[in-house]
Amino acid sequence: MNFEHDFAGGLIRATCGDAIGTITISNPDRKNAVTAAMWRAIPQAVRILTDEAHAHVVVLRGGGADFSAGADISEFDSLRKNSETAVAYEALNSQAFEAIRHCRVPTIAAIRGICYGGGFGLAAACDLRIAERGARFSVPAVRLGIAYPADAVQDIVNALGAQMAKVTLFTGAPMSSEKMVAAGFLLEEIEANAFDSEVSALAHAIAANAPIALHASKLAIRAAIEQNPDLLREAEVIGAETFDSADYTEGRAAFAERRKPHFTGK
């Protein structure tokens, strides 16, 4: 069943087909700059894809030539003019980053063109990142005289490593997709003519697997990264539940019958 839903006046689009959910940042006239309304919509889009559309994987991408230029600076004079307003604005940022980071299913950032600022933060919050060759990356907050949200910095450190996170945040300088692959931020960079097919192939490979097992795996990985014993226990509980699931029965039957399994998340 195909699913479509628009948020923030169509600037954030959620679609789902073949158990692959897609969130599209659709503001191409402004290089997919993210407005406050769009930040607010991202957690809603994640929730509707996982809870209502039953996506097994979520792909985050930009509409048109770019992933995202980051937060819409034209709103800063009113929504981020001082520490008081900045706290409220950054809460929207944090809620969007958290929704991606804690999404119950695996997430993939499919990156073309510019991936700057808040766009970089959204990509860093994803589990996997693939870029079209020639994509450009930057976190220019220091050049605007502001600090990047601390919770998003944690994602950047996890995705880049400490030293590359430091140079990225300390200089604000643009970096190439080639450098981001070498740093481990990107899984790979792909030529433009193969980009969409490679993203689709990865998403389909993930979506074909059992949702409960994917959820348990994602929780266990998060527990390891965060050194969080509560998450580890939760992952252990969900992992144990897989052995009583219909998907485990289906997986064994499919293996015995030499066919592809059809998992339902039950």
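Guide: What follows is a short talk about some helices, rings and contacts.

Visitor: What kind of model is this, and how are residues numbered?
Guide: This is a predicted model, in which local features need pLDDT of at least 70 and side-chain atom pairs count only at pLDDT 80 or more, while totals for chains, interfaces and linings use all residues. Residues are numbered from 1 along each chain as its sequence is written, and side-chain values use heavy atoms, with hydrogens and water left out.

Visitor: OK, which residues of helix H6 are buried?
Guide: In H6, which runs over residues 150-160, the buried ones are Ala152, Val153, Asp155, Ile156, Ala159 and Leu160. Buried means under 20% relative accessible area, exposed means over 50%, and partly exposed is in between, with a 1.4 Å probe and protein chains only. Helices (H or I, at least four residues) and strands (E, at least two) are DSSP runs, numbered from the N terminus.

Visitor: Why do they line one face of the helix?
Guide: Seen down the axis of H6, the buried residues fall within an arc of 155 degrees, so they line one face; the arc is that of the directions from the helix axis to the C-beta atoms.

Visitor: And what covers them?
Guide: The cover includes helix H3 (83-101), helix H4 (117-125), strand S7 (128-132), helix H7 (162-171) and helix H8 (177-183), where contact means heavy atoms within 4.5 Å.

Visitor: Switching topic: how many aromatic pairs are there?
Guide: The structure holds 5 aromatic pairs. Rings of Phe, Tyr and Trp (its six-membered ring) pair if their centres lie within 6.5 Å, and planes under 30 degrees apart count as stacked, over 60 as edge-to-face and the rest as tilted. One of the pairs is Phe120 with Phe137, which is edge-to-face at 6.4 Å centre to centre, with 85 degrees between the planes. This pair links distant parts of the chain, as Phe120 is in helix H4 and Phe137 is in strand S8 (residues 136-138), 17 residues apart.

Visitor: Are those two buried or exposed?
Guide: Phe120 is buried, with a relative accessible area of 0%, and Phe137 is buried too, at 1%.

Visitor: Which residues do ring pairs link into a cluster?
Guide: Phe120, Phe137 and Phe185 are linked that way. The rings of Phe137 and Phe185 have centres 5.9 Å apart and planes at 75 degrees, so this pair is edge-to-face. Phe185 sits in the loop between H8 and strand S10 (188-190), 48 residues from Phe137, and counts as buried at 1% relative accessibility.

Visitor: What lies over the face of Phe185?
Guide: Arg129 does, at 4.5 Å from the ring centre. A charge sits over a ring if NZ of Lys or CZ of Arg is within 6 Å of the ring centre and within 35 degrees of the ring normal.

Visitor: Last one: where is Arg104, and what does it touch?
Guide: Arg104 is found in the loop between H3 and strand S5 (107-111), and counts as partly exposed at 41% relative accessibility. Not counting residues up to four places away in sequence, Arg104 touches Thr50, His215 and Lys218. Both His215 and Lys218 are among the buried residues of helix H10.
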